[in-house]
Amino acid sequence: MERKLILAIESSCDETSVAVVKDGREVLSNVIASQISTHELYGGVVPEVASRMHIEVINKVVKEALEKANITLDEIDAIGVTYGPGLVGAVLVGLQYAKGLAFSSKKPLVGVNHIEGHICANYIEHKELKPPFVSLVVSGGHTFIVYVKDYGVYEVIGQTRDDAAGEAYDKVARSLGLGYPGGPKIDKLAKEGNENAIEFPKANFHENTLDFSFSGVKSAVLNYLNKCKMQNIEINKADVAASFQKAVIDVLKQNVIKTCKQTNSDKIAIAGGVASNTALRAALEKEASKYGIEVLFPSPILCTDNAAMIGSAAYFNFINGNISDLNLNAKPNLKL
């Protein structure tokens, strides 16, 4: 089969990213313009600011991605773009740009689900990986356990019913005065703490489900901090971070291992921003090794939002004939 080149655009949150990906697994360029330093001032992502910043840089980022790949637009086979889930204004910037590019260059447009992109990051990192396998998607906006039956064929086994794990990390980090983004900061601080110092709750549903809930543990941390302040008890921030992190990781670990047993899978591919969390990686590898299950992680650059993963997902959709028309609209709550 002749090689296929995808130009991919990702703008679902606060990263403007464009990549050129060959055959779904080889990254020729992956340019990311991050907005973290701007949103840090506000303690989180401000949607209107994010959209405006995408508009300012997207043209430059596309040109840079093509230059770095040493490819012209004529050589591209299709244009892949995130159309959801995400912040609607931010998604629209990348989507409208991609539609304009597809129309003017007469290239096929391939709309990509952002969550599918995270899963496909593992195809780039692990060239031999093929479905079926189990994927744990953990990020600021999403927490899913997905059974990947085939390329582009997914069964959602479990998902969060309220806050995503990464969202809980950000809120707890803010209450500890650690700033934004919270995930890496809690991960770092937790290394200095005792994870068994405080018993925070782990949500277990009575019905037969592998769904998650992280609002309870988040509230328990906030209540604990308030109680300490009211009673003038000194707060050990490292212990709070470590104990909170353990409560989150224990549930993630338990549910994903159960999924592997249910589906007879011997591989777990982790995806999303929280996938670069060192404690999660260590805990999962330790638990999975007891059952002969292999745990795969993308490198940190592929865990955060990036266009290379969108290019990989777009490639598999493209070769399966899943082409979008130019009426494709942004879907902020798009399901997998």
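How are α5 and α8 oriented to each other, roughly parallel or roughly antiparallel? The axes of helix α5 (residues 165-175) and α8 cross at roughly 170° and come within 11 Å, and the two helices are therefore roughly antiparallel. Axes are lines fitted to C-alpha atoms, for helices over the stretch in contact, with angles from 0 to 180 degrees between N-to-C directions. Angles under 35 degrees count as roughly parallel, over 145 as roughly antiparallel, 65 to 115 as roughly perpendicular and the rest as oblique. Ala-165, Ala-168, Tyr-169 and Val-172 of α5 make the contact with Phe-244, Gln-245, Val-248 and Ile-249 of α8, where contact means heavy atoms within 4.5 Å. By class, these residues are seven nonpolar, one polar and no charged; Ala, Val, Leu, Ile, Met, Phe, Trp, Tyr, Cys and Pro count as nonpolar, Asp, Glu, Lys and Arg as charged, and the others, Gly among them, as polar.

The model is predicted, so local features need pLDDT of at least 70 and side-chain atom pairs pLDDT 80 or more, while totals for chains, interfaces and linings use all residues. Residues are numbered from 1 along each chain as its sequence is written, and side-chain values use heavy atoms, leaving out hydrogens and water.

The protein has 11 helices and 10 strands, which are DSSP runs numbered from the N terminus (helices H or I, at least four residues; strands E, at least two). Its radius of gyration is 20 Å, close to the 20 Å that the globule rule gives for 336 residues, so the protein is as compact as a globular protein of that length. That radius is taken over C-alpha atoms, and the rule is 2.2 Å times the number of residues to the power 0.38. Along the principal axes, the C-alpha atoms fill a box of roughly 65 × 45 × 30 Å.

Among the residues in contact are His-114, Cys-120 and Tyr-123 of α4 and Met-309, Ser-312 and Phe-316 of α11. The contact of α4 with α11 divides into nine nonpolar, five polar and one charged.

Of its 17 lining residues, Glu-195, Gln-245, Ile-249, Ala-279 and Ala-283 are the closest to its centre. The largest share of the lining, six residues, comes from α8. The lining has five nonpolar, three polar and nine charged residues. On a 1 Å grid over the protein atoms alone, a pocket is an open set of points where a 1.4 Å probe fits, with protein on both sides within 12 Å along at least five of seven lines; lining residues have an atom within 4 Å of a point.

Some backbone details sit in loops. A cis peptide bond with omega about -15° joins Gly-84 and Pro-85, and Pro-85 lies between β4 (78-84) and α3 (88-105). The bond from Pro-131 to Pro-132 is cis too, with omega near 5°.
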